[in-house]
Every structure is written in structure tokens, then in C-alpha cells.
Amino acid sequence: MRKLLKHRILWPIGALLALVLLNAVSRPSFLSITVRDGELYGSLIDILRNSAPLMLVALGMTLVIATRGIDLSVGAQMAISGAVALTIISDSKTPGSLGTVAVAILAGVAITFIFGLWNGFLVSVVGIQPIIATLVLMLAGRGIALLITGGFITTITSAPYAQMSQGYLIGFPFAFFVSLGAILVISLVVRRTALGVLTESVGINPEASRLAGVRSRGIVWSVYGVSGLLAGVAGILYSSNIMAADANNAGINIELDAILAVVLGGTSLAGGKFTLAGTVVGVFIIQTLTSTITFLGVPPAVTPVFKALVVIVVCLAQSRRVREWLSRIRPTRTPTTTTTTPVVERIPA
Amino acid sequence: MDVDPVVQVIGASVRFAGDIALDGVDFRMFAGEVHSLMGENGAGKSTLIKAMTGALRLDAGAVLLEGRDVDLSTPAAAQRAGISTVYQEIDLLPNLSVAENIMLGREPRRLGFIDWRRTREAAGQALSALGIDIDPASMLSSHRLATQQLIAIARAISTDVKVLVLDEPTSSLDQDEVDELFRVIRRLKSRGVAILFVSHFLEQVYEICDRITVLRNGVLVGEYVTTELLRLDLVQKMLGKATFDLEQMTTRAPSATPAAAREVKVSAQGISRRNDMLPTDLDIYEGELLGLAGLLGSGRTELARLLTGIDSLDGGRLMIDGVPRRFHEPRQALRHGIAYSSENRKSEGIIAQLSVRENITLALQAERGWFKPIPRNRQDELSASWIEALDIRPADPDRLAGLLSGGNQQKVLLARLLAVAPRLLVLDEPTRGIDVGAKVEIQRLVSELAIDGMTIVFISAELEEVLRISHRVIVLRDREIVAQFDPDEITIETLLTIVAKAEDGT
Amino acid sequence: MTALTETERPAPTISRWRHFLVGKVAWMPVLAAVVILVIMLVAGQAYFGRFVTPRILSSLFVDNAYLIVLAAGMTFVILTGGIDLSVGAVMAFTGMLAAKLMSTGVPAPVVIPLMLIAGAAFGLIIGVMVHYFDVQPFIASLAGMFLARGLCFVVSLEAIQVKNPLVLGLQSVKINMGDWYVTPTVIIALLLVVGATWVLGYTRFGRTVYAVGGNEQSARLMGLHVARTKVLVYVVSGVCAGIAGLLFTAYTAAGYSLNGIGTELDTIAAVVIGGTLLTGGSGYLIGSLVGVLVYGVIKVSITFLGADASWTRITIGILLLAFVVVQRVIVARANRR
């Protein structure tokens, strides 16, 4: 099984290395990292920093997809958490105090966690299809964010809040530590508790899992909660980067990026087996791709074209029809030869 | 008969992922006859039907219609050729009108647009040809299942149909509705249509069918004239004889103390579920190995699912150790030590993409909850010990469960349930579709568990097996319990008679 | 064998009146949407005084003509059980394309068919991905949405003004009937609704759309052209997005890459509020029209209230949720039967 996992993550890593190599060749400055005041700068560092919001959202999306679901509302939830946090800070008399910022962040994240649980409730208890259930919040979420900010783009000045995205810690961008922390916490929770395997079990075969006594409803419910929580943190990072709550543009289209990262990492949209490591690699691929496209002089607004093409290619590559074509081209790997080898049964004497 | 058969299947073979579903089966039907295809689960009935109706392609062999090799590559092609099917789960569209369901795809058109008036008229004619009086403009979903069935037949015969396949058409009909259906079948028969009637209700088969073809394990057993085939013989041909001498020598269930001397573990009082089970009483005693016998559709699986919380009760109640309990989820039954192993190993048992270790520890882990993971070394210990105890092969805990053979998958499933130390274990056809060696091992294991004091309900289509290892045997028929026996006081022939309801000896 | 003893037992006749009711069950959601619309209009009239006036009612159609067209296309897709998230972006792209072409002097009679072809091409790509490659509809159409949105910016980063009198005339020509008025955009939208209603009700393609949504497997076993239909509904939706692009360009007198962001959600909401089941198989185009009007009334009311425009999306979201939950309950009941 370890072999299989290795095998699965090999492709995304290969793609990432190829992208990095391409960049390194076409612009040597890509790999260079400069140290200024004990802080690291360079394209690679930018990728680490800028990928943080997507990383958080994609981690949550991985869990949701593992249960055969999808969360389209992550972008809207980012807008909500940013709006909540910045409104609290801007209304506070001490916008620069650590306490205010902590309260603001906690409030923003708590609210999206509740919204995530709401999504989970609609999916697991009411039984609405995940796309539709989360579509409702995707639709209404930005409206809610706009209401919170009163229809304006709230801007603030608050040093501790700016630290979240723009600051440094022991030489590395602070945002990098946030995404690193999220990766570690989620990996630990998923692999050190039974949640990982139970989530996979529900995603692979809901009925068999039910018969084995797995609380599938609770699992499905909580992954949406986690997804909301992580989207909330991502929203904080985003708003800290621009020091403004932009309800219309915060996290716009991030749901597709996140889905793309998950799929690129090797987790199937059909649910079941998931790989967090793959998603992490997938996020870096997307961020590097964005960086490459910007470098090539393509306006950032056009990047969706490239992402759409990647989505199409990846989805087609996963489809059965294309696999059949491929296996026909390589006759050595026809499906008939890969069927299970019968095991010789021992007949007891 | 001197007439040529209207449809003829020659040497049909089909394999699924290495398993043989049909092995060189010959089959024929004549115009104007009602023919029954009989066999238990996995006999190959549905595979043969699918091959005839264009839903599946044969790996070897041929289907000839009126002696000619016709295109049966898709259901549409088969319909054009004259073979129509009405499936068990009626394949109509509840969101459309009756007229549309009959005429869809061949509506009369004028200038390219559907002429609804003529469509309704044509549908009305098809219905009245069968003697059915309903409004063609009404919605399909507004009609009873039985009527929908007749509408499906109306659709099937509104083309020039030569062969009509009815797959389990009576499974959810009451007696009046069955009579109505039979009236329609006879009408079609008199028009020269060959009708393939597939049903597990022997009564109905004997009432309506002229000839019977029996399949077992993908192989043709024989073709018989209904009036010349005793019911008892039919059931015996369907179920097969104990062909494996080794079985009887290796495993012999320990004789039980009298049932009355033991405490009641589970008491079902009038439990019922619509379409599945008539109100039923059943006491299961502590430490007994209770065998459930019955044909497919007799209610054997339905009863098991009601006892274990898989399906919820419509009526009646369950007493566990003398305390009434309500189960809405299997989880709740598991908490009371009641475990169920499904007959559908692939869809309701194994988690195919998880490893053997993860599969074995799944139920135990689910019971412990999310935050009390079984430590990895404990998992390894557990899976290693179960792999050894049940002789799961290959003995690799990290192999994906989906890659194991059927028998080994069954053992993994058993290990999963045994790992939670259940006090009542309900095994639904644990020996179906696995090879003989694994079968013997599972039988022996079940006996050993019973010796160790576990209460077990054992369901099997193989009467010989049930009789041999059970302490007490209960027979189900038509969704209710019809008899119970001490296995030592009954012969397999008597049991056959009761299962087949053949007291009258037809 | 016992053909002689066969008794002719007539099936119990159910009263015609009950049949009438039963046959109309599918219309109930549409009726519900109409009732909501009427309640909202009455409430608006009671609260604002001058609300139900010919001018405002006319403007409901004029301001939402593009949405009516999008909803018509989306209805086809949702009826098959699919979803098309690309419509807003495709609408923006075709608008951009038209504005760009016309600014370089290409005549409108050439540009307009090109818009429809561009829309159809997007629909075709999505449809092929959905049917032939088993890509989930929302993923395929999400990819289509990104492709279209990105291509907008390829055409131009800035808004392009449209000066073509033919295109602008679609919006600026007002045909007055007393206090009522319509523009050519409204006429196009309503003609399209009538035409599409006809297609859904009176062609084999239309009926196959319902059949696929009812049960794809059954439709295939009945020998219907499932593949063709599933691809074609996305093409229809794409063409509608192209037409909507034309109407929207006429409405705003410009092509702009950020046009129609979130419009796909408004469209889906309108279709669902109009009574089409998201699981497919049940719904009517006229319902989607009513759904768009409900959307329009909400928007106007919020403007009248002087409330924040974001309330529109929130209200629509809540209404959408309410309808989805009700649908879910209905479907669950139907399954239990």
C-alpha cells in the first residue's frame, strides 16, 4: 500500500518539479532567494506565502471530496470571515492591540465554522445534494459579507493583523506557518484519530460503512464544518494581505482552484481514498502555475483559461473512456490480465 | 416439437472479472408458450436475460431469433428485432404520462411535432388490447405498481413483439393483481408471443408456465415440461445436491441442548415491514445456531435485516435480553452485540479500496468512536490474529480487500464482525459464490463459534448446509415463517417439500 | 392453459376528476411560484403604494430579458438532472466578442450568428465532457465558466463600448401600448420562451429531455437517444447564453469582462423557484419565466426599500433553499410510496 501511495503522489510531484524546472530555465531569478534583514525574499518564498489561503481551503475541500461531497461556498465564506474580522477591528477603539485582533480572528473563523456546519446539516441531515446545499451559501454568502461591511470595502490599519499575511517569523513569511500549521494539525487529526479511515470508508461505500456501524452522518457533517473553519482562516489571511474586506473579490473562484488542487494531488472526485500530501503538492503546482503565467506576461485575469484547460485535461485523464483508450494503445495492460488472481484455497484434511 | 424455436441461445458464456456467470448454456423458446427460467441467486438467470435483451454481450455463444443471427447489441436493437423486456424494477418514467411511457420514441408526429391526440389514441389502443381501462393522459406515478407493470407490458407489446421477457413481475403484487397479470399473459400467449416468465414464486410458475429451464451456478441443469416435473424435483434441481463428501465428514454441528432449556436472547414479536415481511414472531435462544431456510424472496433476508436494525420495523417490537429495543441504525444493534453480515458482499460488505487490516478493524473502530483510534500495533495484532484464525489468503494485511477472492472477502467480513465480539451474529448466505474449500472452512468456523457459545442465525439457499450445521431450522415462505424443526428429526427431502410447498405433490 | 375460465375483470376506474388533479401535480410548484409572485406584488403595492404599475411591470421584463433567456436554456439542462454553471461567463464572453468584432467594423448580421456559434461551442464542449467522459456536470461547466471568463480578458481587458445601431436598437426602441412598453429584447426573450416551450412539449428531443431526467437508465432501455439529448441540452444552454450575451450587450451598450458574475446562480435560483426539480424530470419553462419575475420583483423591492443591493442575493438564496428543501421533502415522500 505504501508503494501505491508513493506511486500516486509521484505524478503530481513530477509535474511540480517540471514546472519549477521550466521556470528556473526561462528565468534564472526564479530560484534565487535573497536575505534582507533576516527575512527571505524571492519567487519561491512568494509562492509559499501566496499559496496559504488556497492551501487551507484545499485541505478542507480534500476532506469534503473524500465523502463524495463538494463545497462551493468556500470563496463566499472567505469573504464573510474577512468582513467579520475587519468590521470588528475597524469598530474597535484599539485596532492595533493584540487582544482586538485575536477576538476579531476568532469571531471571523467561528462564524464560518457555523456556516460550514450549516452546509453539513443540509447535506447529511436534510439530504440535499452537496452542490446545491453549498450553492445556496455561495449565492447568499457574499451578500451577507456585503451586509456586514455595510456595502463598503472596509479598510483598516492594524499592525498585528497585517502580520498574519505580510509578516515574517524566523525568516519565513508568517502565512507559510499558518498553512504549515494547518497541514500538520489536519494530518495529525486525520491520521492519529480514526477519522481518516472512517471518512474514506464512508466515501468508498456508504452502505457497507453503515452496516459496519460507522456514524457516517456525523462524519459528513463535520467535514463541512472543518471546510468552513479553514475557509474562515483563509479569509483572514486574504484580508490581512490587502488589509481590506472586499466582499466581492475575496476568494473569488477559489473553489475551482481548490477542487483542481485536490484532483491534481490524486484524490478522486468520486470520493473515498484521499491524500493530503497530494493536495499540498497540488496547491503548489497551481501557485507555481499562476506565478509562471504572470511571469510570461499574461494578464492575471486570463489565468482562468489555463486552469480551465488543466481541469479539462485532468478530468479527461481520470475518465474511464480515456483509460480504456490508453489501455488499448498499450495492449500489455488490458484489463483482463489485471483481474484478481485466484487464490488457491486450502481444503482442510 | 417440430416447430422451430422463435429464440435460441447456443453455448452462451459470460465471465465477470474472472468469475464465470454463464458457462455454455443452451436455451430455447417457442412461439405461443410461457417459459420459466428458474435458479437461485447467482444461477445466471439475469445474465442470460441480459444477453437475450441486448443489455450485455456474450463472451462466447450466439442468440438466434427465428433462426437468424440478429443485432442484439443494445436494448433498442433487441426491441427492434422483437425482444422486449419488462424488468423487475419497472423501467418506466414516473414523471411522464401513461401515454408517453407507452409511446415514447415512436410517437406519431405531424410536421415533426408530436401529435398528442394520436399518441394518446395509440396508447389507449395498446392498453385496451390488454383489457386495461385507464386514462392514457394520467401520470404514471399516479398508478399502483401492478398497473405500472401492465403499462410496461403495453409498451413492450406495442411494437411487433415476438419474445416478451418478464423479470420477477409478481414480486410486489397481491393476488388480485397477479390474476390480472396472468390474464394479460394468456391473452398475449394466444397471440403467439413467446413469454419468458421469471419468478421465484413456484406456485405461479406452475400455474402459468408451459415449460421450465433450470440453471445452477451458471450451468444449464435441464429443460422440462411443467406438468411432468414434480415441484420437489424442481427445487432439488435448483438447489443442487450435496456433491461434496468431504463436507459431511469434516463438519458436524455439535448437538444442542433442548432449545426450551435456554434463555431467549432475542424475541421478535409481530415484527413486520411493508412489502418485505408479514407480522412475524420469533424467539432466538442464547447459544443456538438457528438456520433460516427458504427460497429467494421468501423473506429470509428481510427477516435478518429487521432483526439487526438494517431496516426499520413498520410494526411489532424486538426484545433483546427481555428489554424492548428500537433500532433505527445498524450501529444501535451493534452496540447491543447484534451483527449482520450481508448477502451482498461487494455492495454492502467489503470496503474494496481499504486494506484488509482496515476492513477487519472497521466495526471495532466505529464502535470505539472517532477519537479513540485503535493503536497501529494493536491493529496489526488484531488483523494478524484474524488472518491466521480464519486463514485469510494472501496473509497480507495491507492488501486491498477488493483484490481478494470471494471466499477471502467473506472471511474478512466475518473477522470484522467477530472483532466486536457480537452476541448474536446473523450471517446471510455467507457461503454463496465462494469456492468449495472456503465454503467448508466457513461452515466449520460457524460451528466452532456456536460451540463457543455465540448465538448465530445462519441463512443459506443450500438446504443441506442449513440442515447439517443448525440446531434448529426455520422455514420461510411468502414473507412469513411457515415451519420450524429440529434438524435431527427431518430429512432433506421433507425440508425440500416444505420449502417448495409441495404437500400436494404436484 | 385455462384461457376459457379467464374472467374479464375490468380495472377499477378512477374518477376523471381525480385524474385531472393527479395529472396536474407537476404544475403545483409552478403554481406556488405564481402565488409567491402575486403575494410579493400585492405586498409591494400595499407597502409602497405605487408598485403594481404598467411601467414597473414592463421594466420587470425589460431589465431581465437576458435572464429569461438564460433561464430558458438552464431549464433544459436542469430537466435532464444536470447543471450549467458556465452561462454567466459565456454570456460575458459572447458580449465581449461581439463588442470587439463590431468595434473593428464587422457588421452586426455577421457578428450575431457568431455569438450564437460561440455559445454553442462552449455548450458542446461541456456536453461532451459530461456525457462521453463522465465528468460531473458542475465540474465540466465550472471549467467552461473559467475558460469563458478567461477568454473574455484575452479579447480585451477593458470594457468595449458598442455603438452599432442595430444592436443598441434592441434595447432603445420602445414599443408603447398605453403605459406599457416592450423592447425588442423582451420580444426576443418571450419568443424564445414560447419556442422552447414548444420544443419541450412537442418534439421527441423535448420529451427525451424529460425522460433522461426521470431516469436515464430507463430512457436508455427504452431505446431513446440519451447521448444526443444529454449533449444537446448543454448546446441549447450555450446558444441561450449567446443570445443573452446579445441582449445584455444591448442593455449595457458595452462588452465587459466582469459582466454577469454570479448570474449563473441567479439563473439556477430562478429555474428552481419556478418549480423545476434539481434532480431533473419535472418542471416547465413557463415556471422559469415566473421564477425570473420573482427575482425581478425582489430586486425592485429592495431598491424601493432603499436597502443594500446585497439583500437581493441573500433573499434569493433563502428562497432557493426553501424551495430545495421542499423539493427534497416531496421527493422523499414519493420514494416512500
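## Cavities, a surface patch and positive phi angles

Seven cavities of 30 Å³ or more are present in the structure, which is a predicted model. The largest cavity has a volume of about 230 Å³. Its lining comprises 18 residues, and those nearest the centre are B:Gln79, B:Thr85, B:Arg155, C:Leu221 and C:Met222. By class, the lining of the largest cavity divides into ten nonpolar, five polar and three charged residues.

In chain B, at least two lining residues of the largest cavity are supplied by each of helix H2 (75–81), strand E6 (83–86) and helix H5 (145–157). The largest share, four residues, comes from E6(B).

On the surface, a nonpolar patch is formed by A:Ile252, C:Tyr256, C:Leu258 and C:Ile261, which together have about 320 Å² of accessible area. A:Ile252 belongs to the loop between strand E6 (244–245) and helix H12 (254–264) of chain A. This residue counts as partly exposed because its relative accessible area is 35%, a value that lies between the limits of 20% and 50%.

Most residues other than glycine have a negative phi. Two residues with a positive value are listed below.

Notes. Residues are numbered from 1 along each chain as its sequence is written. Chains are lettered from A and ligands numbered from 1 in the order in which they are written. This is a predicted model: local features need pLDDT of at least 70, side-chain atom pairs count only at pLDDT 80 or more; totals for chains, interfaces and linings use all residues. Side-chain values use heavy atoms; hydrogens and water are left out. On a 1 Å grid over the protein atoms alone, a cavity is a set of points where a 1.4 Å probe fits but cannot get out, and a pocket is an open set with protein on both sides within 12 Å along at least five of seven lines; lining residues have an atom within 4 Å of a point. Grid points are joined across faces, edges and corners, and a volume is the space filled by probe spheres set on the points. Ala, Val, Leu, Ile, Met, Phe, Trp, Tyr, Cys and Pro count as nonpolar, Asp, Glu, Lys and Arg as charged, and the others, Gly among them, as polar. Patches are made of residues with over 30% relative accessible area and no salt bridge: like charges are joined within 9 Å, nonpolar side chains (Val, Leu, Ile, Met, Phe, Trp, Tyr) within 5 Å. Accessible areas come from the Shrake-Rupley method with a 1.4 Å probe; for residues, only the protein chains shown count as cover. A salt bridge is a side-chain nitrogen of Lys or Arg within 4 Å of a carboxyl oxygen of Asp or Glu. Buried means under 20% relative accessible area, exposed over 50%, partly exposed in between (1.4 Å probe, protein chains only).
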